[in-house]
Amino acid sequence: MAWTRDQLAARAAKELRDGFYVNLGIGIPTLVANHIPEGVKVTLQSENGMLGMGPYPFEDEIDPDLINAGKQTISELPHSSYFSSSDSFAMIRGGHINLSILGAMEVSQNGDLANWMVPGKMVKGMGGAMDLVAGVRRCVVVMDHCSKDGRSKVLKKCELPLTGVRVVDLIITDLGVFEVDKVGNAPLRLIELADGISVEEIAAKTQADFVVDLK
Amino acid sequence: MSKIYPNAAAALAGLPQDGMTIMSGGFGLCGIPENLIVALRDSGAKNLTVISNNAGVDGFGLGLLLESKQTKKMISSYVGENKEFERQFLSGELELEFNPQGTLAERIRAGGAGIPGFYTKTGVGTLVADGKEHKDFDGVTYVLETALQADISLVKAWKADEEGNLIYRKTARNFNPMMATAGKITIVEVEEIVACGELDADNIHTPGIYVDRIVCGSFEKRIENRTIRAKEMA
C-alpha cells in the first residue's frame, strides 16, 4: 500500500530535529505539524512574517491580523515573534532556517525542483518557494510518486520550469524515500520503501536513475 | 504642518495620475490598506502599475482596481485568488511580472534604502533569472535584482502617532514597512491615531520620516481562509 497523505506527513516529520526552525509548505507539508515527535521542539516559520506559529485558533480567538502563508487563520504561542517580509526572507535567504518541507510537481535526480508553473495553464506565481529552496539549509520534498495519468514525477531531468537548481536533499513519495546527491552526479539512493511496496514497483514507476540502499 | 487627513479620499486628493506606480501593502487580504484602495479607485487614475504581493480577491482589495480596469500591470509573487485577474491576464489586457516573494520584499527594501540593486541566489537557473546579470561569489552564482520604488505607497498600520510613527500588528505587518520607505509619497491608514508620546519610542516599527499622510479608517478585515480547531469536550 502506498503511503496516505497522513503517512507521508508522518514520515516527513521524522526529518525534524530538536531545536530546528522549520518552514512548512502548503498542502501535505502543513500536516507535518500534526506529527512532531515527542521530545522534539521545533519552531515553525511562516514566511509572511512570524516565528512560533501556533495551531488553528478556537473560534472565539480568530484574528484577521494573524494568518499563515496559506492565508489560514492561526494562533500565536508564548515564544512567537512577528517581523516584516524583508526580515522574514532575510532569515530564509541567509540560511537561518534549518529545514523546509514542500510539495513538488517534478523533481530530478540531481535535486532540481519544479513546483510552480505548468506552461499553457494560468500561473498563480511562485510565492516564496524559490527563496525557500535557495536559502534554507535542508530541503525535503513530499509528493506523489506519479502524476494522475501514471507518469513518473521523479525524473532524470525536470520538464517543467524550475523553482530551483540542485536544491532538494531528500525526496519522500507515497512509494518510498530517496536521498539526493545535489552536489555531484550520483544516482538517487532508495533508502526506504512504503509498506508493501517492492523495489520492482518503484523501478517500474521511476524514470530517474537510482541505486537501492535500504536502511 | 499636520500629516493627518479626515478621510481616505482627502488623503489621496491631488496625488493619483494616470500611469503612476503604486505600492500597496498586505499579504493576501491581511494588512491591506482597504480604504485607500477604494479612494484610489474613486480617483479614476488609469494605466497604473501596482506592486503588491497579491492582487486581492474579486470585489475586495486590489480586485477593485482590476474590475475598474485601472491596473495596467501587476508586480506580485502570487495571484491565485482572483477570477477577474485570470480573465484579464489570459485575454492580454493585464501585464504581469512575477517576482519571488523574498526578492520582491528585498527589491522594495532596497528602493527605500538607496540601494539600486543586489545579488541573490533566489531564482538562479530559473525563468526569473533569464536575461539578468549573474556573478559568482566564493564559487556560488547569484543574480542581480534591481530596486523598486513607487510614486505613491499605500500602507496599513495598526497605530500612528501625530508624527506618523507607526506600529503594525501581528502578521498584518508583512510588506507594509518596506513599502512605507519606498514611496515618493507614502500614505498610511491606521485603526487609531494617538498623541505623540503615547507610543513607546523604543518600539516604533516605521519612523515618521517615511510617512507623509495619515488617515484613520474603519476596516472590514476580510478573512480568506477561516480555519479553526474544535474545543475538546471536558
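Student: How much space lies in the second largest cavity?
Tutor: About 50 Å³. Keep in mind that this is a predicted model.

Student: OK. Which residues line the second largest cavity?
Tutor: From chain A there are Pro64(A), Ile67(A) and Lys71(A). Chain B brings Leu29(B), Cys30(B), Arg222(B), Ile223(B) and Glu224(B).

Student: And how do the residues of that lining divide by class?
Tutor: Into 5 nonpolar and 3 charged residues, with no polar ones.

Student: How many cavities of 30 Å³ or more does a search of the whole structure find?
Tutor: The search finds 3. The largest cavity has a volume of about 70 Å³.

Student: What lines the largest cavity?
Tutor: Pro64(A) and Asp65(A) line it from chain A. From chain B the lining takes in Leu29(B), Cys30(B), Gly31(B), Ile32(B), Glu34(B), Lys156(B), Phe219(B), Lys221(B) and Arg222(B). By class, that lining has 5 nonpolar, 5 charged and 1 polar.

Student: Lys221(B) then. Is its phi positive or negative?
Tutor: Positive: phi of Lys221(B) is near 50°, and the residue is not a glycine. Lys221(B) sits in the segment after strand S14 (213-216) of chain B.

Student: Why point that out?
Tutor: Because most residues other than glycine have a negative phi. Lys69(B) is another with a positive value, with phi near 60°.

Student: Where is Lys69(B)?
Tutor: In chain B, in the loop between helix H3 (63-67) and strand S4 (71-76).

Student: What about the classes in the lining of the second largest pocket?
Tutor: There are 10 nonpolar, 6 charged and 4 polar residues.

Student: Which three residues of chain B supply more of the area it buries than any other three?
Tutor: Lys170(B), Thr171(B) and Arg229(B), which supply 16% of the area that chain B buries against chain A.

Student: How many salt bridges are there between the chains?
Tutor: The count between chain B and chain A is 5. As for a salt bridge to look at, find the side chains of Asp63(A) and Arg169(B), which meet at 2.6 Å, N to O.

Student: Last thing. What ipTM and pTM does the predictor give the complex?
Tutor: An ipTM of 0.96 and a pTM of 0.97. For chain B, the mean pLDDT is 96, and 99% of its residues reach 70 or more.

Terms used
Residues are numbered from 1 along each chain as its sequence is written. Chains are lettered from A and ligands numbered from 1 in the order in which they are written. This is a predicted model: local features need pLDDT of at least 70, side-chain atom pairs count only at pLDDT 80 or more; totals for chains, interfaces and linings use all residues. Side-chain values use heavy atoms; hydrogens and water are left out. Ala, Val, Leu, Ile, Met, Phe, Trp, Tyr, Cys and Pro count as nonpolar, Asp, Glu, Lys and Arg as charged, and the others, Gly among them, as polar. pLDDT is the predictor's confidence in each residue, from 0 to 100. Buried area is the accessible area (1.4 Å probe) that two parts lose on being put together, summed over both. A salt bridge is a side-chain nitrogen of Lys or Arg within 4 Å of a carboxyl oxygen of Asp or Glu. On a 1 Å grid over the protein atoms alone, a cavity is a set of points where a 1.4 Å probe fits but cannot get out, and a pocket is an open set with protein on both sides within 12 Å along at least five of seven lines; lining residues have an atom within 4 Å of a point. Grid points are joined across faces, edges and corners, and a volume is the space filled by probe spheres set on the points. Helices (H or I, at least four residues) and strands (E, at least two) are DSSP runs, numbered from the N terminus.
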